[in-house]
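Hi,

Here is the structure I promised to pass on. Have a look at it first, and then read my notes below.

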Amino acid sequence: MAWGGGWGGAGGAMFGGSQSTGLPFGGIPSELMGEATKLMATEPHHEPSDLSFHQRPSAKERERLTLPKMLKVYPGWVVGGSVLVILTSLILQAGPLLTEFAIDHGMVVGHRSLRVILICSALYLAFAVSGAFLQRQQVEVTGKLASRVMHDLRIRVFVHFQRLSLDYFTDEKAGVLMSRMTSDVENLQQLVQDGISSFAAQGLTMIVITAILFSTNVVLAAWTILLIVPLLFVFTLWYHHASEKGYLLSRDRIANVLADLSESLYGIRVVTANNRQKRNIRNHRHVVGAYRDANLYTGRVNAIYGPSTNMIGILGSALLLGIGGHMVAEHQLSIGALVAFFLYLNRFFAPIQLLVQQYTTLQQGRSSVIRLREVLQTPPSVDERDDATKLPTIEGRITFENVSFGYSPDNLVLHDVNLEIAPGESVAFVGPTGAGKSTMAKLANRFYDPTSGRILLDGIDIRSVTLRSLRSQLGVVPQEAFLFAGSIRTNLSFGRTSITDEEIEEAIDVVGLRDLIDRLPEGIDTIVHERGQTLSAGERQLLALARAFLARPRVLILDEATSSLDLQSETVIEKALDRLLEGRSAILIAHRLTTAQRADRIVVIDRGGIVEVGTPHELLANDGAYAAMYQAWIESGGRDATRTA
Ligand code: ADP
């Protein structure tokens, strides 16, 4: 079904659902009007979402993902944030300078002045308060910027997911894709929100302090900076290297812990049944132990770095006291300047330690950008041609022309299949598990493209038409009907944007869901839970059939539910199918021969090829593969089922 249609459909129906909660809406009572207006005024304003979706990405969407490009969309915020970072870093350095001035011009012998001291402390307070204010603004601006950029990114990646083809979404990938959307996006959020601005602020602070120190006294500045900075630099490099190693180690090991945990939890039945508990515990102790070792290592590294840098700081202070004190005694330096030096020196260390921490954020953010870029640059394997046209309304002739296909190119699962399905004809695919029945159905729906050969609808190669127009004329009922969280109404109208209550009611009657709906507390507005776990397998399949009925496709592809349905559900489903198939071409992947027997023709598939084709009657008379299957089925008690049905 077309994805684009689905979006609109879900939205439209959602409104329908909320209107019919039972009581008619009588308007807001006058005494509550004032409150309501106030509440409305504080409601956040969300831009109306642009819900257009095109299979071909626009030029903008095709752009390489980089952080600057993401930020460029909000130039005002970026400039505002940068200005605030610069101002804050400058203003916050005024304190030591004021202290210096207060000492040299208000406290030392010969220069006592209460006025200077008072003015300096007032200014000190003023600078500190405005620094705090600016910092608050800056955090707010970068926070808003980060939220916006991440919102755009989430939508962009999600839209790309909608474009990608089925082969991308294998089971193993699900966890990886989830982590792209969660931890990678969060890493970036962290980076934009704090990382970049802190990095800039700390870097800037160091530059400002260095400049101030040199302008105060070149000799002393040179001594301090030249002795301390290289030492600190070497230590920091070591720390960075060691902590990154620790980070990678603990990241890998926690992944092992989680994998082991999830395997044990999901497989708990098998574990219990096979008495594997002890072995599991031993295993888990092993991976948890490895994780602990990684953490211990990180702890050791931190324990070395923190105190060591403090030590270097103390060394610097001692040096400053010796050299600076001597210079003061020799009248080469004022006392105020020496105190300012001490104050600045302390401030010099904090940024370095922070920079090291932020560097990890920076690295993580960078690798997240790379990983997200990889996702965004993966082209859909089933894509629309540039010159794709709209598929006109078809009669429903389906042709497989020399079709071969493999999920991986070196392992073909379909070999040179030829088949023609006439308009209005229903064809059942039967054959052993793994023969290639579902694969043929997936190719007809263009979930995958054939490795060689063509599939035609009314003589038109399905690769030459737009995916949207193709899928709007194809209805797919999968084996496990997927229901979205929402009401039954939302779930049914899913395939179409405008749908009336009468149509929904009709669909319910046609597929025989009336009994169920009458039993449910709120009829078609009853909420079904995610994946429809509150309904039985048969009911879910009936809902899927009703959904297909409402979408009125020209061609229906149905993968029959394998889950053992009770006889009554089977009968209901078969009746529903009869109605659904009226006048439609259909491919039925039949797991029950009762269904196959009702089809116009049966295609027996084995090992990726068609071994027999004919009407049920012909095939039974033929005494070939199908007749053998049928015989085996009857012997296993199938005849009872046929009779009841
Ligand atoms: P059937 O529907 O007849 O049971 P399928 O068409 O599902 O069989 O599978 C045909 C073959 O293709 C099987 O060998 C199966 O293992 C393989 N196969 C099915 N789906 C995939 C997939 N997504 N990736 C790789 N191989 C697959």
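**Around the ligand**

Gly434 puts a backbone N or O atom 2.7 Å from an oxygen atom of the ligand. Before you read too much into that distance, keep in mind that this is a predicted model. Ser438 comes in with its side chain instead, placing a polar atom 2.5 Å from an oxygen atom of the ligand. On its own the ligand would expose 550 Å², and the protein buries 60% of that.

If you want to select the whole shell in your viewer, the residues surrounding the ligand are Tyr407, Val413, Pro432, Thr433, Gly434, Ala435, Gly436, Lys437, Ser438, Thr439, Lys442 and Tyr448. By type, that shell splits into 5 nonpolar, 5 polar and 2 charged residues.

**A nonpolar patch on the surface**

Something else to look at: Phe214, Val218, Val219, Trp223 and Leu227 make up a nonpolar patch on the surface, and together they have about 450 Å² of accessible area. Which helix gives the most to this nonpolar patch? That is helix H9 (residues 218–266), which supplies 4 residues. Trp223 is a handy one to click on, as its place is in helix H9.

**Salt bridges**

Side chains of opposite charge can pair when their charged atoms come close. I count 22 salt bridges in the model. One to show you is the pair Glu140 and Arg136, whose closest N and O atoms are 3.3 Å apart. Both residues of this pair sit in helix H7 (residues 114–163). Glu140 and Arg136 are 4 residues apart there, which is about one turn of the helix.

That's what I have for now.

Cheers

Definitions and conventions:
Residues numbered from 1 in each chain as written. Predicted model: local features only at pLDDT ≥ 70, side-chain atom pairs only at ≥ 80, totals over all residues. Heavy atoms only, no water. Near = heavy atom within 4 Å. Polar contact = N/O pair within 3.5 Å; in protein donor to acceptor, adjacent residues only side chain to side chain. Areas by Shrake-Rupley, 256 points an atom, 1.4 Å probe, with all protein chains shown as cover. Nonpolar A, V, L, I, M, F, W, Y, C, P; charged D, E, K, R; others polar. Patch = residues over 30% accessible without salt bridge, like charges linked within 9 Å, V, L, I, M, F, W, Y side chains within 5 Å. Salt bridge = Lys/Arg side-chain N within 4 Å of Asp/Glu carboxyl O. Helix = DSSP H or I, 4+ residues; strand = E, 2+ residues; numbered from the N terminus.
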